[in-house]
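Keep the 3D view open as you read.

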Amino acid sequence: MSDRFTALVLTRDEAGHTRAALSELSEADLPPEDVLVSVEYSSLNYKDGLAITGKGKVVRQFPMVPGIDLAGTVLSSRSPDYQPGQKVVLTGWGVGERYWGGYSQRQRVKPEWLVPLPASLGAREAMAIGTAGLTAMLCVMTLEQAGVAPDSGDILVTGASGGVGSVAVAILAHRGYRVAAVTGRPEGADWLRELGAQTIIPRDEMTQPPKPLERQRWAGAVDTVGGVMLARVLAETAYGGAVAACGLAGGSDLPTTVMPFILRGVSLHGVDSVMCPLARRQLAWERLARDLPRDALSGLTREVGLQDLPDLGEQILAGQVRGRVVVALASPD
Ligand SMILES: NC(=O)c1ccc[n+]([C@@H]2O[C@H](COP(=O)([O-])OP(=O)(O)OC[C@H]3O[C@@H](n4cnc5c(N)ncnc54)[C@H](OP(=O)(O)O)[C@@H]3O)[C@@H](O)[C@H]2O)c1
């Protein structure tokens, strides 16, 4: 096997602008972590868009190999927990932000960041899921734990055409929930219906500032947008309902009142995938292997190469990427 391989490397120029370029690296260039992985697939998430374009200041040091997700095969390991040949998946933990990440044909990582790939998932499927899909599953698990069941009433998913939103729609529909999908892209309504959405709600309808309490419409919600939309979701959530909030695609503020909480017993749950403890992560991956139909997953996924990422980074921040994007990293010989 050649010692040389390709990675997307971010540098910062003298003016402070982030530059992304394909570079040839060797194993000696990689961080001195314990597990060397042959990366077969990575993926594109909103946070990767922030890193690649330099717009979000998520990268803490340069040069940086971005890519918050990776899946592949262990090549060598100094950890007793992982053996050569084992299939693994990694999401979060600051990889692709603080630590070198998945946009590289090989990467060295800490064993505690890895999850063994569930036997029924391939590396490509794992990356079609990626951080976005894991987060969607964590949101669904959060709603379940809050007592939201398929017969509780309608569930709202915001940012429904995005990575987190589209996977959340597919999982919830497969679990028997009635799903309403908020989207700013009416042309994607049929696609969202194919994923399992029963109702399509235009984004404009959900971005009107709400009264403290609105008509009770939702038993639960997965919110990837934040801002006024999350405030409206809370004001429209029915008595005893729960909202899982994981994103800020529409803003990081939350112009709400306490009324939904104190008069309707609505609960707002924060969901984080980055530092999520290992046991809950493993449970979420097992649930994803079981509760996310493969035809839905393949229908919401497209494949690109490392060279496509600079353009796609801009597009995902502009809300122009639909569903999930996997990044194929052909192995060097
Ligand atoms: N907490 C965590 O651990 C975690 C993990 C993953 C992601 N996230 C966050 O979750 C959010 C979604 O991530 P993602 O990877 O799914 O991103 P994404 O693929 O870009 O999806 C975001 C979606 O939100 C909608 N949207 C975009 N701009 C909007 C705006 N200004 N107002 C209202 N809706 C807007 C769009 O859907 P429509 O076109 O259908 O409206 C877009 O596709 C991001 O903020 C990301 O940082 C958090």
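## Ground rules

A polar contact here is a pair of N or O atoms within 3.5 Å; within protein, one must be able to donate a hydrogen and the other to accept it, and residues adjacent in sequence count only if both atoms are side-chain atoms. This is a predicted model, where local features need pLDDT of at least 70 and side-chain atom pairs count only at pLDDT 80 or more, while totals for chains, interfaces and linings use all residues. Residues are numbered from 1 along each chain as its sequence is written, and side-chain values use heavy atoms, with hydrogens and water left out.

## Holding the ligand

Ser161 brings a side-chain N or O atom to 2.6 Å from a ligand oxygen, and Gly163 has a backbone N or O atom 2.9 Å from an oxygen of the ligand. At Cys246, a polar backbone atom sits 3.0 Å from a ligand nitrogen. On its own the ligand exposes 920 Å², and the protein buries 88% of that (Shrake-Rupley areas, 1.4 Å probe).

Who's in the shell? The ligand is surrounded by 26 residues, the closest being Ser161, Thr183, Gly184, Arg185 and Ser273 (a heavy atom within 4 Å counts as near). At least two shell residues come from each of α2 (123–145), α3 (163–174) and β9 (179–183); these are DSSP runs, helices being H or I of at least four residues and strands E of at least two, numbered from the N terminus. By class, the shell has eleven nonpolar, twelve polar and three charged residues, with Gly counted as polar.

## The largest pocket

The ligand takes up the space of the largest pocket, meaning more than half of its atoms lie within 2 Å of the pocket's grid points. A pocket is an open set of points on a 1 Å grid over the protein atoms alone, with protein on both sides within 12 Å along at least five of seven lines; lining residues have an atom within 4 Å of a point.

This pocket holds about 1,100 Å³ of space. Its lining counts 48 residues, with Tyr46, Thr224, Gly247, Leu248 and Ala249 closest to the centre. Elements giving two or more lining residues include α1 (46–53), α6 (227–236) and α10 (309–317).

A cavity is a set of points where a 1.4 Å probe fits but cannot get out. Searching the whole structure turns up one of 30 Å³ or more. The largest cavity contains about 50 Å³, and its lining includes Arg12, Lys57 and Phe62.

Note on methods. Grid points are joined across faces, edges and corners, and a volume is the space filled by probe spheres set on the points.
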